Amino acid sequence: MIQINNLRMAYNHTEEELLNEIEIYYGIKKNNIEKYIILKKSIDARSKKRMIFFEYNLALKLKNENSKKYSKYEEKNYSVPEYGKEKIPNKPVIVGSGPAGMFTGLILAENGFNPIILERGKDIKTRSKDVKNFWNNGIFNEKSNVQFGEGGAGTFSDGKLTTLIKDKNSRIKKVLEEFCEAGAPKEILYLNKPHIGTDILKIVVENIRNKIEKLGGKYYFDSNVTDLIIKNSEIMGVIINNNEKLYSNNIILSIGHSSRDTFEMLLKNNIEIHQKPFSMGIRIEHDQDLINESQYGKFKNDSKLGAADYKLSYRTKQNRAVYTFCMCPGGYVIASQSEKNSIVTNGMSKYLRNNKNSNSAVLVNINTEDFNSAHPLAGMFMQRKIEYSSFNPNKPYFAPVQLLEDFLNNKVSKKIKNIEPSYTPGYYFKDLNENIPNFISESLKEGIINMGNKLKGFDYKYSVLTGFETRSSSPITIIRNKNLESLKGLYPAGEGAGYAGGITSSAVDGIRVAEEIIKKYKP
């Protein structure tokens with residue numbers, strides 16, 4: 001097979017037109033093309049007044065291999081390292097079933113290690129009912145919510161799979177292929193900005209669990225790891241729910257960025273934890289039609305383009321980074337807390353992204369100097385202070401909201417205009433400036449105004465701001481060595497441990513941890 005790159009086509013092209021273009025510009029007769037595979041597909045809307053284009057990288061299988069001037073395409077597949085020589089003393093135990101935990105478990109299960117996966121929350125079906133009950137009726141479950149349960153926090157999101165990590169070993173390909181096998185759309189293998197959507201993600205995580213168990217792994221729900229069993233600086237096992245002991249010499253901590261009680265437990269056990277910069281801010285909500293028009297112009301209503309997205313950034317006069325994060329086209333702002341009497345927001349979209357509103361986080365970079373404390377969990381305490389101050393006991397679990405023009409002028413909004421907040425169970429009006437440090441508030445104001453110059457309508461005065469997005473990433477790093485251990489046999493992994501920033505990178509980090517165990521032991 002050969003590879004051709006940067007083939008640019010009008011977005012509404014036919015397959016025949018695609019083949020004609022290959023013949024015209026690359027000199028490859030279309031009757032010589034046995035098949036083609038899309039390797040990458042992205043949207044180019046820079047010339048939206050005239051036309052919007054799709055740009056392709058393609059692999060072509062030719063009937064007659066006579067195109068020496070084109071680079072060969074060789075498919076690279078994922079493979080595990082050679083097994084180690086030691087006999088593994090007991091089953092590996094994975095703490096947490098988010099992307100990192102799932103893929104550590106999957107790789108170990110595929111290679112005969114029969115892992116045990118402990119999840120403090122519920123299976124995805126039960127968890128989904130608990131989350132729906134919270135959003136509809138305000139009944140909050142600390143053990144089963146958007147943060148805790150099968151699939152991790154990313155299950156209730158847009159399901160974005162973009163990542164900036166380098167991938168020489170085809171681990172990302174492995175992740176995407178497993179998602180497809182479990183029910184995700186095949187297009188995630190080649191789209192420049194792939195996403196699954198929360199509705200399909202729920203199916204995917206359940207199917208991956210079924211595969212792991214079929215291969216010899218085992219899940220245990222309602223199983224919160226409350227302590228470690230350590231002897232002579234070596235992990236020996238865990239304690240579950242303050243009661244049951246489970247012994248293992250290989251414990252993988254795939255705990256997620258909201259496992260605050262686990263962070264505290266690790267500190268108590270003298271596991272080295274460092275502060276880490278992260279970001280906080282608000283959710284901004286627009287009419288999706290406004291975003292479509294800003295990005296696609298006269299082509300805004302064409303279903304082939306789908307709901308438009310954006311990614312904006314700005315550096316303030318005080319050299320503070322402000323940027324949009326986890327943009328959810330046709331999505332919802334959701335209640336995402338994991339502790340009682342607190343408010344946390346996030347964004348979520350279904351696969352079709354067909355809700356009336358769009359939303360994204362607008363975040364401000366928080367440096368460790370901003371914590372004003374040397375405590376390893378100072379960032380967590382800073383998050384918690386904002387989350388608890390946003391809770392209104394007269395309107396439990398209602399989120400504070402404000403129109404953009406009122407936020408800019410430090411005024412409490414009186415009523416919503418033409419954009420209805422999507423957050424449930426409800427909202428109340430509040431001056432959001434009062435709940436956050438001044439440097440965050442001023443950075444948000446400066447950043448949003450500037451972003452309005454880059455994307456028409458982003459600074460629309462009746463846009464809805466919902467407070468607060470505090471959990472964009474983990475506020476800590478659990479230190480690990482070159483073998484990915486924090487002490488012998490204890491492997492911190494994924495976003496909660498400070499080594500990833502999203503579904504794909506977390507899954508890849510989980511694979512890397514599985515590889516370390518495989519290199520040491522035979523199954």
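Colleague: Which residues in α4 meet which ones in α11?
Modeller: On the α4 side they are Arg-171, Ile-172, Lys-174, Val-175 and Phe-179, and their partners in α11 are Ile-503, Thr-504, Ala-507, Val-508, Ile-511, Arg-512 and Glu-515. Sorted by class, this contact of α4 with α11 holds seven nonpolar, one polar and four charged residues. Contact here means heavy atoms within 4.5 Å. As for the classes, Ala, Val, Leu, Ile, Met, Phe, Trp, Tyr, Cys and Pro count as nonpolar, Asp, Glu, Lys and Arg as charged, and the others, Gly among them, as polar.

Colleague: Before I go on, what kind of model is this?
Modeller: This is a predicted model, in which local features need pLDDT of at least 70 and side-chain atom pairs count only at pLDDT 80 or more, while totals for chains, interfaces and linings use all residues. Residues are numbered from 1 along each chain as its sequence is written, and side-chain values use heavy atoms, with hydrogens and water left out.

Colleague: Okay, back to the helices: at what angle do the axes of α4 and α11 cross?
Modeller: The axes of α4 (residues 171-181) and α11 (residues 503-520) cross at roughly 110° and come within 9 Å. α4 and α11 are therefore roughly perpendicular to each other, a label for angles of 65 to 115 degrees, whereas under 35 counts as roughly parallel, over 145 as roughly antiparallel and the rest as oblique. Axes are lines fitted to C-alpha atoms, for helices over the stretch in contact, with angles running from 0 to 180 degrees between N-to-C directions. Helices (H or I, at least four residues) and strands (E, at least two) are DSSP runs, numbered from the N terminus.

Colleague: And does α4 pass α11 in a left-handed or a right-handed crossing?
Modeller: The crossing of α4 past α11 is right-handed; that term applies if the near helix is turned clockwise from the far one by less than a right angle, and left-handed if anticlockwise.

Colleague: Switching to α2: how do the axes of α2 and α11 cross?
Modeller: For α2 and α11 the axes come within 7 Å, with a crossing angle of roughly 40°, and α2 passes α11 in a right-handed crossing. From α2, the residues making the contact are Pro-99, Ala-100, Phe-103, Thr-104, Ile-107 and Leu-108, and from α11 they are Ile-503, Ser-506, Ala-507, Gly-510, Ile-511, Val-513, Ala-514, Ile-517 and Ile-518.

Colleague: New topic, the backbone: which residues does the cis peptide bond with omega of about 20° join?
Modeller: That cis bond joins Thr-424 and Pro-425, and Pro-425 is in the loop between α9 (404-408) and β20 (427-429). Another cis peptide bond joins Gly-467 and Phe-468, with omega of about -15°, and Phe-468 is part of strand β21 (residues 464-469).

Colleague: And what is phi of Cys-326?
Modeller: Phi of Cys-326 is near 50°, which is a positive value in a residue other than glycine, and Cys-326 has its place in strand β15 (residues 321-328). For background, most residues other than glycine have a negative phi, and most peptide bonds are trans.
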